Amino acid sequence: MKVSISLAKVRLAVLSVILSALVSYFAQPMVHANDQAINVVVTVFSVLAGFLVAIIAIIGDPALLPPGSWRAAEMERDKLDGRIVRHKWLFIAYLITLGLIFSALVVSKNMPDATVWLERLFLFFGTFSFILSLQLPNVLMRVQRERIDAVIEHRRSLDKIPKS
């Protein structure tokens, strides 16, 4: 089985890691003991997590499988599995961000040095996952377009019209 790697996705990942590292280092003093900034981050990632769960549910809907033989459905399954796995990792990055924020708040009074590193880590994961989340509207639009195309093809096949 040949695995194809998208050069654009690799570039986005590398650029996201570099930008996230820069943000985590330079923005940490701005979020240190800044409750309003931390509340904004928690709110944004809570909303993004809910949005992502909805996208995973839509992608996992068996109605996305093409009509026809079981072989056609099985071939499509690998593509859908890949999408779900990528979104699962993004969801985990959201949870890591929220967990690191919680940890930083818990240890802030007793371990100030650890708090600085926890803040850098949540800024890194937060920035990284936020950049990757910018693609979510496109993912949702592509999934909906594929659903519409599948319904059109199914109706064409019922009317015995050849595939376009």
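Thr 127 touches Ser 20 and Val 23, leaving out residues up to four places away in sequence. The model is predicted.

**Helix 4: Thr 115**
- Thr 115 also has its place in helix 4.
- Is Thr 115 buried or exposed? Thr 115 is buried, because its relative accessibility is 1% and buried means under 20%.
- A polar atom of the Thr 115 side chain lies 3.4 Å from the backbone oxygen of Val 107.
- Beyond its neighbours within four places in sequence, Thr 115 is in contact with His 32, Ala 104, Val 107 and Ser 108.

**Helix 4: Leu 118**
- Leu 118 belongs to helix 4.
- Leu 118 has a relative accessible area of 17% and is therefore buried.
- Which residues does Leu 118 contact, leaving aside neighbours within four places in sequence? They are Leu 100, Ser 103, Ala 104 and Val 107.
- Leu 118 and Leu 19 are 99 residues apart along the chain, and their C-alpha atoms are separated by 18 Å.

**Nonpolar core**
- The largest nonpolar core holds 24 residues.
- Ile 59, Tyr 94, Phe 122 and Leu 136 have the most contacts inside this core.
- At least two core residues come from each of helix 1 (7-31), helix 2 (35-59), helix 3 (70-107), helix 4 (112-133) and helix 5 (136-158).
- Which helix gives the most to this core? Helix 2 does, with 8 residues.
- In soluble globular proteins, nonpolar side chains tend to be buried together.
- Tyr 94 is in contact with Phe 45, Leu 48, Ala 49, Leu 52, Ser 129, Ser 133 and Leu 136, leaving aside neighbours within four places in sequence.
- Tyr 94 and Leu 136 are in contact, and both are among the core residues with the most contacts.

**Helix 3 against helix 5**
- Two packed helices are described by the angle between their axes and the distance between the axes.
- The axes of helix 3 and helix 5 come within 13 Å.
- They cross at roughly 155 degrees.
- Angles over 145 degrees count as roughly antiparallel, so helix 3 and helix 5 are roughly antiparallel to each other.
- The crossing of helix 3 and helix 5 is left-handed.
- On the helix 3 side, the residues that meet helix 5 are Lys 79, Arg 83, His 87, Leu 90 and Tyr 94.
- On the helix 5 side, they are Leu 136, Val 139, Arg 142, Val 143 and Glu 146.
- Tyr 94 and Leu 136 take part in this meeting of helices and also in the nonpolar core.

**Positive phi**
- Most residues other than glycine have a negative phi.
- Ala 33 is not a glycine, yet has a positive phi of about 60 degrees.
- Where is Ala 33? Ala 33 is in the loop between helix 1 and helix 2.
- Ala 33 is exposed, because its relative accessible area is 65% and exposed means over 50%.
- Lys 160 is not a glycine either, and has a positive phi of about 60 degrees.
- Lys 160 lies in the segment after helix 5.
- With a relative accessible area of 74%, Lys 160 is exposed.

Terms used. Residues are numbered from 1 along each chain as its sequence is written. This is a predicted model: local features need pLDDT of at least 70, side-chain atom pairs count only at pLDDT 80 or more; totals for chains, interfaces and linings use all residues. Side-chain values use heavy atoms; hydrogens and water are left out. A nonpolar core is a set of buried Ala, Val, Leu, Ile, Met, Phe, Trp, Tyr and Cys residues joined through side-chain atoms within 4.5 Å. Buried means under 20% relative accessible area, exposed over 50%, partly exposed in between (1.4 Å probe, protein chains only). Helices (H or I, at least four residues) and strands (E, at least two) are DSSP runs, numbered from the N terminus. Contact means heavy atoms within 4.5 Å. A polar contact is a pair of N or O atoms within 3.5 Å; within protein, one must be able to donate a hydrogen and the other to accept it, and residues adjacent in sequence count only if both atoms are side-chain atoms. Axes are lines fitted to C-alpha atoms, for helices over the stretch in contact, and angles run from 0 to 180 degrees between N-to-C directions. Angles under 35 degrees count as roughly parallel, over 145 as roughly antiparallel, 65 to 115 as roughly perpendicular and the rest as oblique. A crossing is left-handed if the near helix is turned anticlockwise from the far one by less than a right angle, and right-handed if clockwise.
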